[in-house]
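I opened a new notebook page for this one. My plan is to look up a few local features, one entry at a time.

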Amino acid sequence: MERMRSIYIRKMGKKLSVSNLLGIKYLSEEDLNLIFETADNFKEVINRKIKKVPSLRDITIANLFFENSTRTKISFELAQKRLSADIINFSSSGSSITKGETLTDTVNNILSMKVDMVVMRHPSPGASIFLSKNVKSCIINAGDGCHEHPTQALLDAFTLREKFGSFSGKKILITGDIMHSRVALSNIFIYKKLGALVKVCGPKSLIPKYINDLGIQYESSFEKGLKWCDVASMLRIQNERMIDSYFPSTREYALQYGLDLKRLNLIDKEIIITHPGPINRGVELNSDIIDSGKTVILDQVENGVAVRMAVMYLLAAKL
Amino acid sequence: MSVLNNKKILDASKLSLILNRLASQLFENHNDFSEAVLIGIQPRGKILSKKIKELIIKNYGIDDIKLGFLDVTFFRDDFGRKNKILSANKTSIDFIVENKTVILIDDVLYTGRSIRAALTALQSFGRPNKVELLSLIDRRFSRHLPIQPDYCGIQVDSINNQRLTVKWNEIDGEDAVYIYKKNGKKT
């Protein structure tokens, strides 16, 4: 009875502690749970025959993508449409950025056309933080260089939460290009905040020097890591961000850190395999695993829409 | 009923009488419920709708009554206009409402805006033949929209700074209806 009463009280007046979503670093555990609870509701909505709700019908959102994106862009756009928001899409190619306009000027010009919220992907780390300090609008970081990708971390955690409820004591192994991956940093933050144990794995050259300062451990042996973990989070090698050669060859990387059925069968327990996409088949994940249905990759993509709806809904309520 | 100085306006026995009457009115109009479904509006209409369903089963022996719960949070028209955010509850309607008579159930009918939102939300589940409204409490003279209940427990005349709360034994420890001042103190 007490529990039911507390649920009813909790329903009133809960807000995010932040006005922008710049990174998982700035969210509290309560924020994360509020986002997950709201996303539960939106997941139910997007599985209806009629998937649209009118909540954000008087909100205009600009999607500013200064870097390539497939999933995130489509996912944000769908989420906005499901919430009935008006949207404008912007990509840096073919824009006045090529004429020398600064980021702040571009965004301020767009905002002066009465835009309420900005979703931005940018190749420079910290771009969304810079923007939030210089423009008066609600900013959602859709990935800033090799810094953070908060909505990806939220949807990863939301997917795992669906699988095993509480994160307490769960062991998560993040394998791959930790140094250049914004997903890695956001995921480390979110899993730590939710009470999971995190280890990273990959070539030493792709592990940041101060990784232990984040309160996590480095595991050099992929096999040992797999035996330890409940969740294997596989990451892509971010070739586009590499200015140097970090390992001898892709083939060698795949042999040491790629996950295939043979390697998976060496461990005697069921583990959950996640990947934020895009996948390089045959490098970090082999096709036999991807096509065997042993991963939750498509669940992650589905949950991405619900989680982004929740984030925009909760932030729009603070406008 | 004039309630200006009352604290408790309905106790458990009166509430029970009213619920039995509402169940009988529904039975009178919908007979075996083959063409009618009950939908409780979240959160407080949920408990009321469950009670009404149980009474119809108990009193009239009809055990095949469809009951769903509808959350209207995302369909409200006051999003971003109030300081507080209303978090959503679960919607669970595992049947289609196409060509059925839907009986919406809520505990208090005040401005009518929740019902307006419910009518919009209902469209996601099909086109009902007819929609009826059952409300335990009808706060008269306070409507913002032309919405009236088809089945009403009691009508209450109250002023704007008052608030009515229906309490249920299952979650609040007693069956009763109270009238409060808006700051939370009983009048």
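This is a predicted model: local features need pLDDT of at least 70, side-chain atom pairs count only at pLDDT 80 or more; totals for chains, interfaces and linings use all residues.

Entry 1: I first looked at the handedness of their contact: the crossing of α6(A) and α7(A) is right-handed. I then sorted the residues of this contact by type, and they divide into 8 nonpolar, 3 polar and 1 charged. Helix α6 of chain A covers residues 150-164, and helix α7 of chain A covers residues 182-193. I noted what describes such a pair: the angle between the axes and the distance between the axes. Here the angle is about 50°, and the axes lie 8 Å apart. α6(A) and α7(A) are therefore oblique to each other.

Next I listed who meets whom. From α6(A) come P150(A), Q152(A), A153(A), L154(A), D156(A) and A157(A). From α7(A) come V183(A), S186(A), N187(A), F189(A), I190(A) and Y191(A).

**Entry 2: a cysteine in a loop.** I moved to C146(A), which sits in the loop between β4 (138-144) and α6 of chain A. Is C146(A) buried or exposed? I found 21 other C-beta atoms within 10 Å, so C146(A) is buried. The cut-off for that label is 20 or more.

Which residues does C146(A) contact, leaving aside its neighbours within four places in sequence? I wrote down P125(A), H180(A), S181(A), R182(A) and R241(A). I also checked C146(A) against A184(A), which is 38 residues away along the chain. Their C-alpha atoms are separated by 9.0 Å.

**Entry 3: a sheet in chain A.** I traced an open sheet of 4 strands in chain A. The order is β2-β1-β3-β4, and the pairing is parallel. β2 and β4 of chain A stand at the edges. Each has a single partner strand, so one side of each is left without a neighbour in the sheet. From one strand to the next, the twist averages 15°.

I then looked at one pairing in detail. Strand β1 of chain A, residues 60-65, runs parallel to β2(A), and 6 bridges join the two. T60(A) stands opposite D86(A) in β2(A).

**Entry 4: cis peptide bonds.** I looked up two of these, one in each of chains A and B. In chain A, the bond from G277(A) to P278(A) is cis, with omega near -5°. P278(A) lies in the loop between β9 (272-274) and α11 (287-290) of chain A. In chain B, the bond from Q42(B) to P43(B) is cis, with omega near -5°. P43(B) lies in the loop between β2 (36-41) and α2 (44-60) of chain B.

**Entry 5: positive phi.** S84(A) is not a glycine, yet its phi is positive, at about 70°. I placed S84(A) in the loop between α3 (71-82) and β2 (86-91) of chain A. S84(A) has 15 C-beta neighbours inside 10 Å, so it counts as partly exposed.

N31(B) is also a residue other than glycine with a positive phi, here near 50°. Where is N31(B)? I found N31(B) in the loop between α1 (12-30) and β2 of chain B. N31(B) has 12 C-beta neighbours inside 10 Å, so it counts as exposed. The cut-off for exposed is 12 or fewer.

Notes:
Residues are numbered from 1 along each chain as its sequence is written. Chains are lettered from A and ligands numbered from 1 in the order in which they are written. Axes are lines fitted to C-alpha atoms, for helices over the stretch in contact, and angles run from 0 to 180 degrees between N-to-C directions. Angles under 35 degrees count as roughly parallel, over 145 as roughly antiparallel, 65 to 115 as roughly perpendicular and the rest as oblique. A crossing is left-handed if the near helix is turned anticlockwise from the far one by less than a right angle, and right-handed if clockwise. Two residues are in contact if their C-beta atoms, placed from the backbone, lie within 7 Å. Ala, Val, Leu, Ile, Met, Phe, Trp, Tyr, Cys and Pro count as nonpolar, Asp, Glu, Lys and Arg as charged, and the others, Gly among them, as polar. Two strands pair if DSSP finds at least two bridges between them.
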